[in-house]
Amino acid sequence: MSELTAIEIKDLIKSYGPVQALRGVNLTVKKGELVGFLGPNGAGKTTTIRCLLGLIRPQAGTMRVFGLDPVKNSTAVRARIGYLPGELHLDGNQSVKGALQYFADLRRCNTDWKYVNQLTERLELHLDQRIKNLSKGNKQKVGIVQALMSKPDLLLLDEPTSGLDPLMQQEVYKLLHEAKAAGTTIFFSSHIISEVEAIAERLVIIRDGVIIEEAAPEQLVNMKLRRYRIRFRKAVPPVEVINLAGVTLIDQPNENEIILQIEGEVDQLIKTLASYPVSDLQSEHLSLEEVFLAYYQGAKGGKHNVG
Ligand code: ATP
């Protein structure tokens with residue numbers, strides 16, 4: 001494993017009884033990278049993150065976090081990680097300050113309260129408030145502060161902006177950018193496509209326990225999925241065209257026109273179209289959101305079926 005690698009996962013397999021949550025996950029995150037981890041519900045995001053923390057044990061495969069095995073060296077690994085779980089369990093009777101102190105004690109680290117104060121001020125969180133009186137979004141902020149407050153080398157964040165209003169989401173993005181600028185590696189799961197597009201340098205998409213795509217957001221848009229609007233000179237049944245491998249009929253605005261989505265090379269499509277009277281062919285830009293939906297929902301032929 002390279003000196004420059006923060007996370008390395010190879011062929012990771014984790015089952016919960018009959019449920020295969022991870023079916024051979026392979027993933028590398030470089031030191032200092034800010035990587036978004038996306039996938040539909042139940043895809044295996046939380047399971048991957050919890051394996052990295054040594055909180056659950058995989059049945060097979062290897063993992064390294066800064067060169068350490070999180071199963072064998074869980075204490076040393078966790079000391080370098082700030083972790084925001086999807087559901088943070090907090091004692092309702094504690095104050096925010098008490099809860100943060102509790103997390104600091106768990107990590108056995110000295111708390112830099114000046115830094116904590118800066119974080120809570122920026123997130124408009126009051127240290128003396130009781131946890132039980134906090135809204136869902138404010139509880140999420142406690143989770144974010146406890147993950148950041150030790151200035152860890154690696155942040156593992158499960159849905160960091162869940163429940164936050166747009167202004168607070170922006171503040172969290174700023175905090176993450178600042179952490180990255182200070183050298184922190186960040187690996188976060190999310191369902192919010194605009195969020196991932198806005199902050200992640202690289203996206204990793206998991207579906208059904210397997211990583212199916214890795215790319216920079218802009219690369220993903222230009223990658224495998226293309227969309228074409230094809231106008232024929234006369235009404236042409238598009239059956240032969242839409243039955244091609246990788247092709248999905250998105251829309252048929254009128255009898256002379258079809259909109260297709262194609263995954264992979266366009267060679268067969270062009271050759272097939274050559275025998276029809278095509279009057280116009282336009283390539284359309286796919287937004288990141290559309291790319292994700294195609295991955296999430298599955299294209300024709302079951303190649304992308306979820307679940
Ligand atoms: P979400 O976006 O909904 O949080 P996820 O991508 O984080 O989903 P996981 O929570 O990792 O997905 O779940 C992966 C699979 O493992 C799912 O089928 C889930 O039902 C199953 N699973 C997760 N935890 C357990 C558990 N403790 N016992 C049994 N099955 C589990």
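# A guided look at rings, strands and a covered helix

Let's start inside: at 0% relative accessibility, Phe-187 counts as buried. Keep in mind that this is a predicted model.

**Aromatic pairs**

- The whole structure holds 3 aromatic pairs.
- In one of these, the rings of Phe-37 and Phe-187 have centres 4.8 Å apart and planes at 35 degrees, so the pair is tilted.
- Phe-37 belongs to strand 3 (residues 34-38) and Phe-187 to strand 7 (residues 185-190), so this pair links distant parts of the chain, 150 residues apart.
- Phe-37 is buried too, with a relative accessible area of 0%.
- Because Phe-232 lies in strand 10 and Tyr-276 in the loop between helix 10 (267-273) and strand 13, the pair ties together parts 44 residues apart in sequence.
- Both Phe-232 and Tyr-276 are buried.

- Four strands make an open sheet in the order 11-12-10-13, and their pairing is antiparallel.
- Strand 11 (247-254) and strand 13 (278-284) are the edge strands; each has a single partner strand, so one side of each is left without a neighbour in the sheet.
- From one strand to the next, the twist averages 20 degrees.
- Strand 10 (residues 225-232) and strand 12 (residues 257-263) run antiparallel and are joined by 7 bridges.
- If you look at Arg-231, you will find Glu-257 of strand 12 standing opposite.

**Two helices to compare**

- Helix 1 (residues 45-52) is mostly covered, with 6 of its 8 residues buried.
- Among those buried residues are Ile-49, Cys-51 and Leu-52.
- After helix 1 comes Gly-54, which has a positive phi, near 75 degrees.
- Ala-79 sits in helix 2 (residues 74-79), and at 52% relative accessibility Ala-79 counts as exposed, because the cut-off is over 50%.
- The C-alpha atoms of Ala-79 and Gln-118 are separated by 22 Å, and the two residues are 39 residues apart along the chain.

**Charges over rings**

- Arg-80 places its charged end over the ring of Phe-66, 4.0 Å from the ring centre.
- Lys-151 has its charged end over the ring of Tyr-115, 4.5 Å from the centre of that ring.

Notes: Residues are numbered from 1 along each chain as its sequence is written. This is a predicted model: local features need pLDDT of at least 70, side-chain atom pairs count only at pLDDT 80 or more; totals for chains, interfaces and linings use all residues. Side-chain values use heavy atoms; hydrogens and water are left out. Two strands pair if DSSP finds at least two bridges between them. Axes are lines fitted to C-alpha atoms, for helices over the stretch in contact, and angles run from 0 to 180 degrees between N-to-C directions. Buried means under 20% relative accessible area, exposed over 50%, partly exposed in between (1.4 Å probe, protein chains only). Rings of Phe, Tyr and Trp (its six-membered ring) pair if their centres lie within 6.5 Å; planes under 30 degrees apart count as stacked, over 60 as edge-to-face and the rest as tilted. A charge sits over a ring if NZ of Lys or CZ of Arg is within 6 Å of the ring centre and within 35 degrees of the ring normal.
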